[in-house]
Amino acid sequence: MNFGTEFQGRNVVVTGALGVFGRGLAQSFADAGANVCATDIDGPALDAFAAELGTEGSFGHACDLRDAAGIDALVAEIGARWGAADVLVNNAGVYPSGFLLDTDAEEWDRILDINLRAVHLLTRGIATQMIGAARKGSVINISSGAARKMRLTAAPYSLSKTALDRLTKGYALELARYGIRVNALEPGFAAGSTASPLTDEHIARVTASMPLGRASTIGDVAPAAFYLASEAASFVTGATLTVDGGNSIGSMDVYQDKKDPL
């Protein structure tokens with residue numbers, strides 16, 4: 001699908017912009033001519049990345065998504081620079097590994113604060129600006145197949161993504177009257193996160209068990225985000241678009257000696 005100049009001059013916010021998918025999403029929108037607000041917690045690295053985006057209206061804003069006042073400050077700068085965003089990509093998230101019996105209150109709060117509470121606070125702020133500017137915007141929440149498939153040692157993460165899907169639908173209902181669409185995008189498995197590092201053994205095992213046999217890339221995820229943010233999806237809201245190579249539908253592991261059907 002060719003989106004042409006549709007994103008030229010549009011204003012796009014990407015959280016977790018230094019992450020595995022966040023960096024690629026921010027750069028992809030900038031390459032399409034959008035002004036990008038790239039936000040993450042590492043200020044110096046973020047400033048360097050924002051300078052590379054290549055569009056005059058792009059900028060970085062360091063923000064700790066656990067800090068409500070910090071989120072308010074981010075929203076305020078977006079309003080001061082742009083008036084309102086056209087697209088918000090709630091990409092930031094953490095995927096820690098740990099059994100429920102080992103998960104204390106602090107870790108529980110950290111996961112839910114970043115993966116769910118921050119999405120609500122930022123969406124509330126950005127959507128309010130969109131409404132004030134009569135901007136028919138698009139909100140894209142980066143979810144996961146974990147919303148539907150429980151994972152041992154990742155129960156709080158799975159819970160946060162299940163709740164994120166309900167939050168997506170709740171906001172889709174509430175913002176529909178203003179012409180603001182809210183959808184979820186489920187990318188597939190990808191290694192390389194510094195926030196939630198994975199072992200080489202785990203990466204190899206998961207990749208080998210995936211139906212389409214490889215990890216996700218930004219080349220898979222960016223076109224899906226473009227679609228959800230575009231006029232081509234003008235009648236799509238409250239939906240979840242899964243782009244994960246079949247990872248969330250089942251595993252290709254075969255627990256018998258005969259490994260192939262033919």
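Trainee: What makes the crossing of α1 and α7 right-handed?

Mentor: In this predicted model, the crossing of α1 and α7 is right-handed because a crossing gets that name if the near helix is turned clockwise from the far one by less than a right angle.

Trainee: Then what makes α4 and α5 roughly parallel?

Mentor: Here the angle decides. The axes of helix α4 (residues 105-132) and helix α5 (residues 155-175) cross at roughly 15° and come within 9 Å. Since the cut-off for roughly parallel is under 35 degrees, α4 and α5 are therefore roughly parallel to each other. The crossing of α4 and α5 is right-handed.

Trainee: What classes of residue make up the contact of α4 with α5?

Mentor: The residues divide into 15 nonpolar, four polar and one charged. Among them are W108, L112 and R124 of α4, and Y157, L164 and Y171 of α5.

Trainee: How do you know whether V89 is buried or exposed?

Mentor: V89, found in strand β4, has a relative accessible area of 0%. Buried means under 20%, so V89 is buried.

Trainee: What does V89 touch, leaving out residues up to four places away in sequence?

Mentor: V89 touches V12, V13, V14, T15, L25, F29, I140 and I142. Also, V89 and V139 are 50 residues apart in sequence, yet 6.0 Å apart in space, C-alpha to C-alpha.

Trainee: Which residues touch the most other members of the largest nonpolar core?

Mentor: L25 and F29 do, in a core of 32 residues. The elements that give two or more residues to this core include β1 (11-15), α1 (20-31), β4 (87-90) and α7 (218-229). Of these, α7 gives the most, with seven residues.

Trainee: What is F29 in contact with, beyond its neighbours within four places in sequence?

Mentor: F29 is in contact with F7, V12, A34, V36, V89, A225, F226 and A229. There is also a second, separate core of 25 residues, which includes V13, L65, A85 and I180.

Definitions and conventions: Residues are numbered from 1 along each chain as its sequence is written. This is a predicted model: local features need pLDDT of at least 70, side-chain atom pairs count only at pLDDT 80 or more; totals for chains, interfaces and linings use all residues. Side-chain values use heavy atoms; hydrogens and water are left out. A nonpolar core is a set of buried Ala, Val, Leu, Ile, Met, Phe, Trp, Tyr and Cys residues joined through side-chain atoms within 4.5 Å. Buried means under 20% relative accessible area, exposed over 50%, partly exposed in between (1.4 Å probe, protein chains only). Helices (H or I, at least four residues) and strands (E, at least two) are DSSP runs, numbered from the N terminus. Contact means heavy atoms within 4.5 Å. Axes are lines fitted to C-alpha atoms, for helices over the stretch in contact, and angles run from 0 to 180 degrees between N-to-C directions. Angles under 35 degrees count as roughly parallel, over 145 as roughly antiparallel, 65 to 115 as roughly perpendicular and the rest as oblique. Ala, Val, Leu, Ile, Met, Phe, Trp, Tyr, Cys and Pro count as nonpolar, Asp, Glu, Lys and Arg as charged, and the others, Gly among them, as polar.
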